[in-house]
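User: I would like a close look at one part of this model, with the cut-offs behind each term spelled out as you go.

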Amino acid sequence: MSKISKVMMMASSKNTPPVNNRTRISITIVTGLCCFFYLLGAWQRSGFGKGGGVITLEAVKKQAQCTNTTDIVTNLDFEPHHKTIKIPQRAPKPIMFKPCDVKYKDYTPCHEQKRAMRFPRKNMVYRERHCPPENEKLRCLIPAPKGYTTPFPWPKSRNYVHYANVPFKTLTVAKAGQNWVKFQGDVFKFPGGGTMFPQGADAYIETLAKVIPIKDGSVRTALDTGCGVASWGAYMLKKNVLTMSFAPRDVHEAQVQFALERGVPAIIGVLGSIRLPYPPRAFDMAHCSRCLIPWTSNEGMYLMEVDRVLRPGGYWVLSGPPINWKTYYKTWKRSKKEVKAEQKRIEEIAESLCWEKKYEKGDIAIWRKKTNDRSCNKSSSSSSVKTCKGQDTDDVWNKTMEVCVTPFPKVSSDVEVMKFPERLFSVPLRVTKGLVEGVNVESYQEDNKLWRKRVSNYKRINRLIGSTRYRNVMDMNAGLGGFAAALESTESWVMNVVPTIAKNTLSVVFERGLIGIYHDWCEGFSTYPRTYDLIHANNVFSLYQNRCNVEDILLEMDRILRPEGTVLFRDEVDVLNDVRKIANGMRWDTKLMDHEDGPLVPEKILVAVKKYWVAGDGVSVGNSTSTFK
């Protein structure tokens, strides 16, 4: 017991004798000292006293020894840092863009006639892509022609186009006897004819279907070289076959523009000196109906390029010169010897490519590519052909065409191509074999699941998505084609663009039975103005950060988007705010929306609708119909 306790007990005892002065002084001193040291200790432990850190540290050390704790966190922060990403209530002040001169209403930046004439005509080089340098790019809004009207809905658009939208009558005169197109009142009518099928594409396709399994889903993707107004592709859609049609911008004015106005997939393009912007083994079928491509020139290089993009087991159709030369050589103003030799040479090249002739009657000849390398006996070929070298056969953007044959993939047995629509969501062979970098069976299936969810959300945002209101659709960064697959319908088609700087997945897109193309969005796209109803831009601007000007990409989107067309952007909120600032100066209405998983996700959706305006309007016409729910 302490002295203090003893003293206090003695003081409280009744029998304790009186305390003297000396004892009282001692008690007072001891009590005072106790109180002083108690207060001093409390003050130091509060952190305000000098040397308090040392005392506290010693105490912590002793506590650690007692509890065997080896890692004490002394700087905890309990403030929340994962906060809701706020959407600005008002769009940032836009940069205003002026309309271009009306003479640019049909401007195609990489296919302009004046620039094209600077390049050689040999091998059609002057008809290939020649994009303007930075200082020649237009930074204004391409106007629609006066009287522009929303295209007819599909399938009526297959047969009718508003004259005001494509005011060019040249083809109605040049192809008057071939039923390409007729002018009636204020519309063009497309009877469905072509140079080699003036009585209509339907009967012509039925003839092909006697040899080629067009009707059962075995053939889903086709390539039409030198397509004219794409009537063959338009009527192949009745068989659920997607045709990529292409033709140059030449004297047959606006033929590709007519095709797209009709709601048929098409691009401006030519077989020249550069490889076609498609991966190897992409198409189930290729077609040339009097396309006037010199198949025998350059040692058969153009047939070799068709072979490159034709899948094993695919078909090639040739109707027109030199087929049926005995009947037409006088009409063609050519000698018997010349056209006979041309057909013989085509057949020799086809044999060297391991194509087997399946049919020739009247004006039509059909070949089929062998199904694998084992079925192709090159020793029996009439001529030897060099095999293309190089590891990455998918790397074709702006690559020079070569006189060589793309080798068959090595297989241990015949691989049966899955029919459409089963192939749309089945795992592609390229994925199961691990040939697509970073993609396996599980990630592919997850991607499908993700895009079903996203497209469902898009349809809640805009109830017209999936209807004929949006016939021509583009996905600017298609990935594995999940967006197009989730949207798949006879009401619309999707141009799946795989950027040249993105992961190369275009082969998967085609294997699913979809169509697409390689492209660099720092350049203009190979199409006419006002050719797409709906554009999907998934992380496009994040992808192209520090690579090219955001304004240039947005102005190109505006060029190819139809008046009152819609754009769906998906990107980080900071990126979309920058995009929105520019878009609001382009006569677009915009609305920033939360991700489908809620406001905590930093990725957002920006919906934009292009206002209706035409050449000569001082200001935008406010008669666009909002599609936001």
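In which loop does Ser 526 lie?

Analyst: This is a predicted model, in which local features need pLDDT of at least 70 and side-chain atom pairs count only at pLDDT 80 or more, while totals for chains, interfaces and linings use all residues. Residues are numbered from 1 along each chain as its sequence is written, and side-chain values use heavy atoms, with hydrogens and water left out.

Ser 526 lies in the loop between β13 (515-519) and β14 (532-538), where strands are DSSP runs of E with at least two residues and helices are runs of H or I with at least four, numbered from the N terminus. Ser 526 counts as buried because its relative accessibility is 7%, the term meaning under 20% relative accessible area, with over 50% called exposed and the range in between partly exposed (1.4 Å probe, protein chains only). Its side chain is joined to that of His 111 by a polar contact of 2.9 Å, that is, a pair of N or O atoms within 3.5 Å, of which, within protein, one must be able to donate a hydrogen and the other to accept it, residues adjacent in sequence counting only if both atoms are side-chain atoms. Leaving aside residues up to four places away in sequence, Ser 526 touches His 111, Arg 129, Ile 267 and Ile 268, where contact means heavy atoms within 4.5 Å.

Among contacts in the chain with a separation of 6 or more, residues 24 or more positions apart account for 69%.

The largest nonpolar core has 130 residues, of which Tyr 278, Met 285, Trp 295, Trp 316, Met 557, Phe 569 and Trp 588 touch the most other members; such a core is a set of buried Ala, Val, Leu, Ile, Met, Phe, Trp, Tyr and Cys residues joined through side-chain atoms within 4.5 Å. A second, separate core of 11 residues includes Leu 171, Trp 180, Val 181 and Val 229.

Elsewhere in the chain, strand β8 (residues 310-319) is mostly covered, with 10 of its 10 residues buried. Strand β7 (residues 283-289) runs parallel to β8 and is joined to it by 6 bridges, whereas β8 and strand β10 (residues 364-369) run antiparallel and are joined by 5 bridges; strands pair if DSSP finds at least two bridges between them.
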